[in-house]
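User: I am new to this structure and would like to go through it with you. Could we begin with the aromatic rings and then turn to the pockets?

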Amino acid sequence: MKKLLLGTIAAAVVASSSMAADYTLKFSHVVSANTPKGKAADFFEKRLEELSAGKIDVQVYPSSQLYKDNAVLKAIRLNSVQMAAPSFSKFGKIVPNLALFDLPFLFKDIDHLHRVQDGEVGQALKDKVAAKGIIALNFWDNGFKQLSTNKEPLLTPKDAQGQKFRIMSSKVLEAQFHAVGANPQMMPFSEVYSGLQQGVIDGQENTNSNIFTKKFHEVQKHMTITNHGYLGYLVVMSKKFWNSLPADLQANVTQAMNEATEKEREYAQELNDSQLAQIKAYADKTGNLTIHNLTAEQKDAWRNAVSKIYPEFYSDKTIGKDLIEKTIATK
Ligand code: LMR
């Protein structure tokens, strides 16, 4: 009874605080709540509601509940949704240059990547998004991607020949798989599990966290730790929504976003490590999945096979030679 009463009071407080809110901010994303992006979005919700003293009611919709992949950017422009954090590939039609981050083996490590995002190249990319009428907030991490398949285990590039891989909508990822004689198939994230289960595709590439939380490892026979490419996000906001906020609430958004970004980088590191351990535990327990590690020679063979695609993206209409060279030169 006491419990029931407390529950009723809590529900009434939540209802009255959202009734009192002056603004509703819907944040749509496609991954599970227990991912770097999902946890950071939830942190942002809590923090912004606190900072704005309940004037902004943040509602987070995970797992493509509101919008799938590319559709969300159109919705942001129309202010049908106020915030999203699409992966870089999904900006292809608006700012194709963001596919810089899809280029395989471009970043030496996560620190190099952060220096690029926090420096001149990151700012130039945000400016391009702003020029398209979308507020570009911060870059968020997921991590480096691994390969998995139900066919030949992927140890050398020639193993990928003829295999069908799901890719995000990215010309770079298309070129990457063509470079090793594979068949890339663009597919929304929400359809990957059933695509693998039903054999529409043989394999896929994604981070440990996305593989684990969407159970892709349960419908794959082989997973190879390649860390060949990076997956991350640009958090964006509807310009109409941003402009509707008074200056003090805009400052609250900026602060909550900066704090969430710091947390997000920690979540990304922690979850990609702990969720890989959980995938390994599943593999050991069931015997249904084999995890492969590459030798230094095998990794070099992948690097050589796929890095040759960079010149295909030298035009500014795609990524731009300047951005690629500045990224490589970033110390
Ligand atoms: C994917 O489509 O694989 C990713 O972009 C999903 C995500 O948002 O991490």
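User: How many aromatic pairs does a search of the whole structure find?
Analyst: The search finds 12 aromatic pairs. Please note that the model is a predicted one.

User: How are the rings of Phe 165 and Phe 177 arranged?
Analyst: Their centres are 4.6 Å apart and their planes are at 20°, so the pair is stacked. Phe 165 belongs to strand 5 (residues 164-167) and Phe 177 to helix 6 (residues 171-178), so the pair ties together parts that are 12 residues apart in sequence.

User: Are Phe 165 and Phe 177 buried or exposed?
Analyst: Both Phe 165 and Phe 177 are buried.

User: Which residues form one aromatic cluster?
Analyst: The cluster is formed by Phe 88, Phe 101, Phe 107, Phe 139, Phe 144 and Tyr 230.

User: Now the pockets. What volume does the largest pocket have?
Analyst: Its volume is about 470 Å³. The lining consists of 23 residues, and Ser 89, Phe 91, Gly 92, Lys 93 and Ile 94 lie nearest the centre.

User: Which element gives the most to that lining?
Analyst: Helix 3 does, with 4 residues. By class, the lining of the largest pocket has 10 nonpolar, 6 polar and 7 charged residues.

User: And what about the second largest pocket?
Analyst: The second largest pocket has a volume of about 260 Å³. It is lined by 16 residues, of which Gly 143, Phe 144, Gln 269, Asn 272 and Asp 273 are the closest to its centre. Helix 10 provides the largest share of this lining, 6 residues.

Definitions and conventions:
Residues numbered from 1 in each chain as written. Predicted model: local features only at pLDDT ≥ 70, side-chain atom pairs only at ≥ 80, totals over all residues. Heavy atoms only, no water. Phe/Tyr/Trp six-rings, centres within 6.5 Å; stacked < 30°, edge-to-face > 60°. Helix = DSSP H or I, 4+ residues; strand = E, 2+ residues; numbered from the N terminus. Buried < 20%, exposed > 50% of the residue type's maximum accessible area, 1.4 Å probe, protein only. 1 Å grid on protein atoms, 1.4 Å probe; cavity = no way out; pocket = protein on both sides within 12 Å on 5 of 7 lines; lining within 4 Å. Points joined across faces, edges and corners; volume = space filled by probe spheres on them. Nonpolar A, V, L, I, M, F, W, Y, C, P; charged D, E, K, R; others polar.
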